[in-house]
Every structure is written in C-alpha cells, then in structure tokens.
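Please examine the sequence and the three-dimensional structure shown below.

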Amino acid sequence: MEQNKIPQATAKRLPLYYRFLNNLYQQGKMRVSSKELSEAVKVDSATIRRDFSYFGALGKKGYGYNVEYLLGFFKSTLDQHETTNVALIGVGNLGTAFLHYNFLKNNNIRITMAFDADESKVGNEVGGVPIYHVNELEDKIKGIEVAILTIPAEEADATANRLVDIGIKGILNFTPARITVPNHIRVHHIDLTVELQSLVYFLKHYSLDEE
C-alpha cells in the first residue's frame with residue numbers, strides 16, 4: 001500500500017513504534033511480540049497488527065517481529081536517514097526548554113535556529129542554537145520547511161503568514177490560537193492547557209475500565 005493511503009491514525013503511531021524498537025535494539029533484544037509492543041506503547045495488539053499489515057508481512061506467527069528488521073523498516077519509512085532542520089519562533093520559557101532538549105533522542109530532527117523579539121536574547125545561544133531577531137526571519141530561514149511556534153497567541157497568525165511566505169510547509173503550533181493557513185500547509189496544534197483540562201476531566205468522569 002502506498003504510504004499516502006495509510007490511515008492518519010496509523011501514521012501518528014509509527015514514531016511510537018520506532019522509539020520503542022530503537023530502545024529494544026539498544027538493549028540487544030532481537031525479537032518482540034505484538035503483546036510486548038502493546039504493553040510498551042499502550043496500543044492494543046490487534047491495532048498494532050493492523051497497523052503493520054499496511055506495510056505487508058513484517059512478522060511471523062508464533063515468532064513475533066525481528067527487532068533489527070522492523071527498526072530498519074520504520075527508519076526508512078519515517079525518513080530517519082534524513083536530517084530535518086527546524087526553526088523555533090519564540091524563546092520564552094517553553095521555547096527555551098525546547099532549545100535545551102532539541103530532540104536529543106531523535107537523531108534526525110534538529111532545531112538549528114531560533115527567533116525572538118526581545119533584544120536582550122538576540123545574538124545569544126541556548127543549547128548551542130543561535131537566536132536571531134524575529135525581524136530577520138525572511139533573511140535567515142533558508143531551506144527549512146518546519147517551524148515551531150511558542151509565541152503569544154495574538155502574534156500567531158501574522159507570524160504564520162510570514163512563515164508560509166518564506167516557504168515553511170509544516171508548523172507545530174503551541175499557541176492557543178487556531179492559525180489560518182493555506183490548505184497545502186500542515187499545522188499540528190498542541191494546546192497544553194486544553195490537554196491538561198481534558199486529562200482532569202477524564203480523571204473525574206471516566207475510569208480506565210470504561211475506555
């Protein structure tokens with residue numbers, strides 16, 4: 001099956017599988033069952049087998065899955081052999097945390113530059129990443145297709161429009177604003193307040209046995 005026909009829900013789980021398989025490989029484990037995968041990534045075994053079935057026969061009944069083979073397969077599927085450079089806009093508390101973390105466990109993603117309007121931050125580095133003034137966006141972003149927004153909500157739309165004009169194709173939006181972009185731009189919204197409110201609601205009103 002062509003990758004663009006894989007259900008989006010399946011595509012979102014692939015990085016989870018890859019991370020767990022990579023951990024197993026680092027531990028020297030050679031094979032894993034769907035039950036072990038299920039317990040580790042908190043996805044039921046039937047869903048894992050269905051996800052894997054979109055890619056053909058990846059395992060053998062009664063044997064499980066070859067960790068090294070699966071890891072290599074998903075590494076290729078997720079383009080782990082290619083480095084993706086990312087720009088971060090907004091070096092506040094959350095942005096600074098991202099720069100210090102900089103996806104250390106994921107060797108193919110790197111924040112290579114950051115932007116902020118605060119003159120006291122411009123010209124410095126955080127986690128080895130240079131910080132430029134946000135007015136330099138158009139001059140500095142070259143060959144980067146992904147950006148992270150960690151700026152005030154009221155600045156999100158205008159900044160997103162500038163990023164689109166520069167050539168950014170994907171935005172990870174951590175602002176509460178639901179930014180408006182052309183249809184060919186992919187945006188993933190992550191509102192930490194909404195996620196926390198949702199967690200608290202589920203804790204109060206749903207038991208895990210009901211899900």
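Helix α2 (residues 34–41) and helix α3 cross at roughly 110°, and their axes come within 8 Å. In this predicted model, α2 is therefore roughly perpendicular to α3, since angles of 65 to 115 degrees are placed in that class. On the α2 side the contact is made by S34, K35, L37, S38 and V41, which meet S45, I48, R49 and F52 in α3. Sorted by class, this contact between α2 and α3 comprises 4 nonpolar, 3 polar and 2 charged residues.

Helix α3 (residues 45–53) also packs against helix α1 (residues 8–26), at an angle of about 105° and with the axes 11 Å apart. The helices α1 and α3 are therefore roughly perpendicular to each other as well. Here T10, R13 and Y17 of α1 meet T47, I48, D51 and F52 of α3. The class count for the contact of α1 with α3 is 3 nonpolar, 2 polar and 2 charged residues. Two residues of α3, I48 and F52, take part in both contacts, with α1 and with α2.

In what order do the 7 strands of the open sheet lie? They follow the order β6-β7-β5-β4-β8-β9-β10, and the pairing is mixed. Strands of a sheet pair through backbone hydrogen bonds, in either the parallel or the antiparallel sense.

Within this order, strand β4 (residues 84–89) can be followed to its partners on both sides. With strand β5 (residues 109–116), β4 runs parallel and is joined by 6 bridges. With strand β8 (residues 146–149), β4 again pairs in the parallel sense, over 4 bridges. Residue A87 illustrates both pairings: its bridge partner in β5 is M113, and in β8 it stands opposite A147. A further bridge to β8 links V86 with V146.

From β8 the pairing continues to β9, which runs parallel to β8 and is joined to it by 4 bridges. A147, the residue opposite A87, has I171 as its bridge partner in β9. Helix α7 (residues 156–166) lies across β4, β8 and β9 (170–173), running at about 170° to β8. Together, β8, α7 and β9 make a right-handed β-α-β unit.

Note on methods: Residues numbered from 1 in each chain as written. Predicted model: local features only at pLDDT ≥ 70, side-chain atom pairs only at ≥ 80, totals over all residues. Heavy atoms only, no water. Axes fitted to C-alpha atoms, helices over the stretch in contact; angles between N-to-C directions. Parallel < 35°, antiparallel > 145°, perpendicular 65-115°, else oblique. Contact = heavy atoms within 4.5 Å. Nonpolar A, V, L, I, M, F, W, Y, C, P; charged D, E, K, R; others polar. Pairing = 2+ DSSP bridges. Right-handed = clockwise from strand over helix to strand, strands pointing away.
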